[in-house]
Amino acid sequence: MKALVYTEPGRLEMRALAEPKPKAGEVLVRIRAVGVCGSDLHGFLGRSKKRVPPLVLGHEFSGEIAANDAAGDVAIGARVAIYPIVSCGACEYCVTERDHLCPARQVYGLDFHGGLAEFATVPVRCLFPIPLSMSFIEGSLVEPLANAIHVVRRCGDVRGRTGMVYGAGPIGMLCAFVAKQSGAGTIAVVDRNTHRLAKTRELAADIAVDAAAQDPLKSVLEWTRGRGVDFAIDAVGTAQCRQNSISCTAAGGVVICIGLEDEVCAVDTRAVVTREVDVKGAYAYTRSDFAEAISMLERKLLPWQPLVAKAGLIQGQAIFEDLASGNSPILKAVFEI
């Protein structure tokens, strides 16, 4: 099969790999669409310790069943989105549908070959059917949308609340969108990429703060008349972004950290103590988050077409280089296979 392989930092190559063979409990999926995540870019740039070349990146993918020797009623040709976290299925987390916290979990494109290829073997448990009314590109958007749903749920009840999202990449943009869909009031989004800020404002943001031209902390505090926002989402993960997220949050508010740019971040936690700001992490999504993402896409709530740039695997090196530049006009790259 054809695959786009990460061979060394900054380098992707088209290669012919052996078609994977399903093991017991698995099916063979013909991959049709796969999105690029910020973590894929970290891998491409050599910043991810677990992404060791040679590796096929990609965990946001959809396709159709090509072969099924596993027990179950999954039909050949069935259209599916892939829940890319492979867990043990038996621990306390898995039996309570928190597979994303399973200590033995493994992830496509991280622990083993992912979706930037023609085929993948997938456990039946990781298959989520998608309807004929959904395109495969929409199927590839299920994973990042589920991530955003999980983040917003971690915020608590956002109805009527003010919020801030640090980072207008795909996850930050989708967090702003889901927050709005969940009834949030005014949302500010902070980024340095003017292309992404403009797109995010079209989709969900009420206020766009260009961190290259404005002081984000000063801008958000002036907008909230010094009070701060009720909830903040750090979708970047640098020390400065986390510090500003805490500093921009009102007393009794909540900060959700999902970005992982820096491994270690030093922040002033006095505000966390004296203003009782809750700081929480958010990782991936539950199975119910994944199902909710499919439902939102099936109901056509997300206007995804203006946000997606389509490409073929042969364009992989150029697309990744563009995205890694930091000023790309592309918001969400999706490879059609």
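Predicted model: local features only at pLDDT ≥ 70, side-chain atom pairs only at ≥ 80, totals over all residues.

Student: What makes the radius of gyration of the chain agree with a compact globule?

Tutor: A compact globule of 337 residues would have a radius near 20 Å, and the chain has 20 Å, so the two agree. The C-alpha atoms fill a box of roughly 60 × 40 × 35 Å along the principal axes.

Student: What is the chain built from, and how much of the chain counts as buried?

Tutor: The chain has nine helices and 18 strands. Of its 337 residues, 55% count as buried, where buried means under 20% relative accessible area. The accessible surface is about 14400 Å², and carbon and sulfur atoms own 51% of that.

Student: What share of the contacts joins residues at least 24 apart?

Tutor: Take the contacts between residues at least 6 apart in sequence: 70% of them join residues at least 24 apart.

Student: On to the rings. Why is the pair of Tyr-83 and Phe-290 called edge-to-face?

Tutor: There are nine aromatic pairs in the structure. For Tyr-83 and Phe-290, the ring centres are 5.2 Å apart and the planes sit at 75 degrees. Pairing needs centres within 6.5 Å, and edge-to-face needs planes over 60 degrees apart, so both tests are passed.

Student: Where in the chain do the two partners sit?

Tutor: Tyr-83 is in the loop between strands E6 and E7, while Phe-290 belongs to helix H8, so this pair links distant parts of the chain, 207 residues apart. Both residues are buried. Ring pairs also link Tyr-83, Phe-128, Tyr-285 and Phe-290 into a cluster.

Student: What makes Tyr-108 and Phe-112 an edge-to-face pair?

Tutor: Their centres are 4.7 Å apart and their planes are at 80 degrees.

Student: Are Tyr-108 and Phe-112 buried or partly exposed?

Tutor: Tyr-108 has a relative accessible area of 3%, which is under 20%, so Tyr-108 is buried. Phe-112 comes in at 25%, between the 20% and 50% cut-offs, so Phe-112 counts as partly exposed.

Student: Now the backbone. Which peptide bond is cis?

Tutor: The bond joining Pro-53 and Pro-54, with omega about -5 degrees. Pro-54 lies in the loop between helix H1 and strand E4.

Student: What stands out about phi at Glu-97 and Arg-225?

Tutor: Glu-97 has a positive phi of about 60 degrees although it is not a glycine. Arg-225 is not a glycine either, and has a positive phi of about 55 degrees. Glu-97 is in the loop between E7 and strand E8, and Arg-225 is in the loop between helix H5 and strand E14.

Student: Why do Ala-18 and Gly-252 count as exposed?

Tutor: Ala-18 has 67% relative accessibility, over the 50% cut-off, so Ala-18 is exposed. Gly-252 has 58%, also over 50%, so Gly-252 gets that label too. Ala-18 lies in the loop between strands E2 and E3, and its C-alpha is separated by 55 Å from that of Val-273. Gly-252 is in strand E15 and touches Arg-275 and Glu-276, not counting residues up to four places away in sequence.

How values were computed. Residues numbered from 1 in each chain as written. Heavy atoms only, no water. Helix = DSSP H or I, 4+ residues; strand = E, 2+ residues; numbered from the N terminus. Rg over C-alpha atoms; globule rule 2.2 N^0.38 Å. Buried < 20%, exposed > 50% of the residue type's maximum accessible area, 1.4 Å probe, protein only. Contact = heavy atoms within 4.5 Å. Areas by Shrake-Rupley, 256 points an atom, 1.4 Å probe, with all protein chains shown as cover. Phe/Tyr/Trp six-rings, centres within 6.5 Å; stacked < 30°, edge-to-face > 60°.
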